[in-house]
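Visitor: I would like to learn how to read a protein model feature by feature. Could you take me through one?

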Amino acid sequence: MKKFVIIALLAALFAAYFIFDLGSYLTLEGIKQVAQDAGAFYERNPVVVLAVFFLIYVAVTAASLPGAAIMTLAAGALFGLVTGTILVSFASTIGATLAFLASRYVLRDSIESRFGERLKSINEGLERDGAFYLFTLRMIPAIPFFVINLVMGLTRVKTLTFAWVSQIGMLLGTIVFVNAGTQLAQLDSLEGILSPSIIGSLVLLAIVPWIAKAIIGLIKRRKVYAGFTRPKSYDRNLIVIGAGSAGLVASLIAATVKAKVTLVEANEMGGDCLNTGCVPSKALIKSAKVAATMRNADRYGITPVEPEIPFKQTLARVMDIIKAIEPHDSVERFEGLGVDVVKGYAKIIDPWTVEIARNDGGTQRLTARSIVIASGAEPVVPPIEGIETSGYLTSETLWDAFSKLDKAPARIAVLGGGPIGCELSQALARLGSHVTQVEMADHVLGREDEDVSALARTVLEESGVTVLTGHRAVRAEGGVLFADKDGAEASIPFDALIIAVGRKARLSGFGLEELGVDTDRTVTTDEFLATKFPNIFAAGDVAGPYQFTHTASHQAWFASVNALFGQFKKFKADYRVIPAVTFLDPEIARVGLNEAEAREQGIEVEVTRYELDDLDRAITESETKGFVKVLTPPGKDTILGATIVGSHAGELLAEYVLAMKHKIGLNKILGTIHSYPTMAEANKFAAGNWKRANKPDGLLGLVEKYHDWRRG
């Protein structure tokens, strides 16, 4: 019955609003007319007018009727700045609280019964930070206030908290709107809009969100830095922790703009990519491809031969390539570019201080205005029984272990069917090992489309890899890996076991826990790559969400620029166009959506394919395995995503990355001259396939009739 009464009252207010055309009063002309009519009466009966206005304002906001902003202007026009502000401030808070309570009493129980689990985490967050969260919404009303009232009523925020935070949070906006009303009341003609007082009020209305944002930022900073003492001066403008791709780029940018920057790295410069990841793996893959080409030389009209593979010599070539690239990332080069490089382990002591346990045995403390965490990632080792005593290798440790071997291990078990597991499996099988790859999911490369995954499995098996999908590793014992599939246990004997099930952010040992930097698998950052401390940033694998060298470099630009110049302008990290390549043979390259993701997200797409067995250059190279697949909105040439499987797919993908980044459609790719004969023509022919599938049949019919007429 009580709920019915509340709903009836709200309905009555809504009905009265429309029946009596109350909205006509909530306009500039309406305000001026009311001000003129009520002026004399207000002078004689100020209490009555104030009370009536107060009650109407409360009713309008309580019923969530349109017009609260206009009534705030009216308060300024009728009562002046001081009285109008006091009146509106309390009336708006009472009305908002009544709307909040109505929503809570009428709707909350039914909403919680349906969405209780989803609301649980929201309520937990509001219980912790609800007052500040509500304050930010009130200060910068990106969402209409009546929506905030109704939505907050569905949560567990206390009524008293809602009321006092709303009172304070809405005060700045109230003052500005009431002040604008005092000026608009004096407007007699359009010429009056050019008066300094009117212009000033309008400007104040425009900049109030910026003022509010600055106030909120100041409150946030005071809150997060509470308990820390800021240095009076700083040793550095920027300290970067980690000399992988992200750290190198961040420190180089800082040095380029003449900031004083220190780069701290405990191990080898260049990080995982140079020393244990991208560079050595691609060098090994090339050697393996040469061996495979020799075995299959008859494809090129040459007598095939089984290659002799001196494994130690093959690995020596890999190490030589690392050494050849090392100078690009060396201490000497970066010091020459103006970066202070310190070899040692960095720990953040407070938001501005880093303590370095130097590799030479000393300890050094440095202060900086900003810090960039670029500590990278490390291999994940799953909790499998016996794994710790199995002598397992990872993508980081296998290089040193293998470089000491005269021959490749006869039997290798690779645990993991992602990009790293697939690349290593194919390369090592081609170099003479019997490789068994174990993957828990039903497909290798599970993030790719099914046709891509199926082709990847085919080429792995053609290279000699035994692929076991749907198998979950359960234990390692006596040089045997045991894997379960549907209750049946398979045994995989190995001479080397490689764990390649993924990588996790390096979070321990840097002082993050002690400082209170939020982490959840990665360092938690905002859209500007800042942590909870506005002067501490993270970039690369430690920040996620992608674990690509090129993404780390991309993030490093945003992190370093925001760290050095964020007081003037901040830039949001842009993840709209992120390419990725799996360096199997043939390569698998992708940017944007694939078909599986489009289905999951409910996005309707048109799929255009071009098979490489139709491409002249692919035929001449005997590299016809693969295809180009492009996703577009139905009937449009806008590129939503592209997947390329084939020789040099990683190079071919660059055209689609450029096109998506700069909003170039398939029509323009089709109209671009591509050299003949090149693999890049595949992109043009894919665009041609799209064009044929979307040809204007009606127009072509008319053109055909025109040509018939021209022939007489």
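This is a predicted model: local features need pLDDT of at least 70, side-chain atom pairs count only at pLDDT 80 or more; totals for chains, interfaces and linings use all residues.

Visitor: Which side chain does E396 meet in a salt bridge?

Guide: The partner is R506, with N and O 2.8 Å apart. R506 is also partly exposed, at 21%.

Visitor: Where in the chain do E396 and R506 lie?

Guide: E396 sits in the loop between strand 7 and helix 15, and R506 in the loop between strand 15 and helix 18. The two are 110 residues apart, so the pair links distant parts of the chain.

Visitor: How should I read the nonpolar residues?

Guide: In soluble globular proteins, nonpolar side chains tend to be buried together. Here the largest nonpolar core has 35 residues, and L284, F402, I412, L428, I498 and L584 have the most contacts inside it. Several elements supply at least two residues each, including helix 12, helix 16 and strand 14. A second, separate core holds 29 residues, among them A255, F537, A552 and A563.

Visitor: Which residues is I412 in contact with, leaving aside its neighbours within four places in sequence?

Guide: I412 is in contact with F402, L428, S433, H434, V435, T436, A496 and I498.

Visitor: Which nonpolar residues form a patch on the surface?

Guide: L81, V82, I86, F90, I94, L98, L101, L171 and I175 do, with about 750 Å² of accessible area together. Helix 5 gives the largest share, seven residues, and helix 8 supplies at least two. F90, in helix 5, counts as partly exposed at 47% relative accessibility.

Visitor: What is the mean pLDDT of the chain, and where is the pLDDT below 50?

Guide: The mean is 87, and 84% of the residues reach 70 or more. Over residues 189–194 the pLDDT is below 50, and this stretch has six contacts in the model beyond near neighbours in sequence.

Note on methods:
Residues are numbered from 1 along each chain as its sequence is written. Side-chain values use heavy atoms; hydrogens and water are left out. A nonpolar core is a set of buried Ala, Val, Leu, Ile, Met, Phe, Trp, Tyr and Cys residues joined through side-chain atoms within 4.5 Å. Buried means under 20% relative accessible area, exposed over 50%, partly exposed in between (1.4 Å probe, protein chains only). Helices (H or I, at least four residues) and strands (E, at least two) are DSSP runs, numbered from the N terminus. Contact means heavy atoms within 4.5 Å. Patches are made of residues with over 30% relative accessible area and no salt bridge: like charges are joined within 9 Å, nonpolar side chains (Val, Leu, Ile, Met, Phe, Trp, Tyr) within 5 Å. Accessible areas come from the Shrake-Rupley method with a 1.4 Å probe; for residues, only the protein chains shown count as cover. A salt bridge is a side-chain nitrogen of Lys or Arg within 4 Å of a carboxyl oxygen of Asp or Glu. pLDDT is the predictor's confidence in each residue, from 0 to 100.
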